[in-house]
Amino acid sequence: MEALLVVASQPLSVDEIAVATNDEAERVETALGLLGERYREGRSGIVLEQVAGGYAFRAAREAAEACSQLFGRPVERGLSPAALETLAIVAYLGPCTRPEIARIRGVAADSAVAGLVERGLLTEAGREPDAGGAVRYRTTPLFERVFGLGNLSELPRLEELGADTEDIRVRLHAVAERRTA
């Protein structure tokens, strides 16, 4: 299992590991628990984490600086506020269309959505049947991995964000009501 996790380019699910090792899912889960303890933060230079619906190794926080020294990564441009707003809308409401995103944000979402699709953080999730066939978007496993989420249910609730969320809540509910109407 360790070798599979080391060579995998993306998180592996319990089922994928079970198939590859020709073992039962329950035994794989038990072994992953033991590996998680062995490779937990502060105990090893690598950490086993459950992320994006699977398991993957990452460098421990203490090793991050050394890793960046050895593997000088090109500077990645950060996400703009518009992109972050768009990601939040899709993560909380997804799948949703560009017009729905624009209604919530109050401005066009074409550029933000296109950039997020290009980066692999959003993907198409079908078409809206009665809105002229508008494309619906959802977040990807890469989104979950980048933001350290096992799945979207781990997103913080609006009440946990600490800011005044009433305006956000009203706008989200308005779009949700239009969607069910």
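The questions and answers below concern a predicted model.

User: Why is Asn22 called exposed?

Analyst: The relative accessible area of Asn22 is 73%. Exposed means over 50%, so Asn22 is exposed. Asn22 is placed in the loop between α2 (14-21) and α3 (25-38). Its phi is positive, at about 55°, although Asn22 is not a glycine.

User: Why is Pro141 called partly exposed?

Analyst: Pro141 has a relative accessible area of 48%. Buried means under 20% and exposed over 50%, with partly exposed in between; therefore Pro141 is partly exposed. Pro141 belongs to helix α8 (residues 141-146). Between the C-alpha atoms of Pro141 and Asn151 the separation is 8.3 Å, and these residues are 10 apart along the chain.

User: Why is strand β5 described as largely enclosed by the rest of the structure?

Analyst: Strand β5 covers residues 135-139, and four of its five residues are buried, so the strand is largely enclosed by the rest of the structure. Buried here means under 20% relative accessible area.

User: What makes β3 and β5 a pair?

Analyst: Two strands pair if there are at least two bridges between them. Strand β3 (residues 96-97) and β5 have two bridges, so they pair, and the sense is antiparallel. Thr97 has Arg136 as its bridge partner in β5.

User: How do you know that β4 and β5 pair?

Analyst: Four bridges join strand β4 (residues 122-127) to β5. Pairing needs at least two, so β4 and β5 pair. The two strands run antiparallel. In β5, Arg138 is the bridge partner of Thr123.

Conventions: Residues numbered from 1 in each chain as written. Predicted model: local features only at pLDDT ≥ 70, side-chain atom pairs only at ≥ 80, totals over all residues. Heavy atoms only, no water. Buried < 20%, exposed > 50% of the residue type's maximum accessible area, 1.4 Å probe, protein only.
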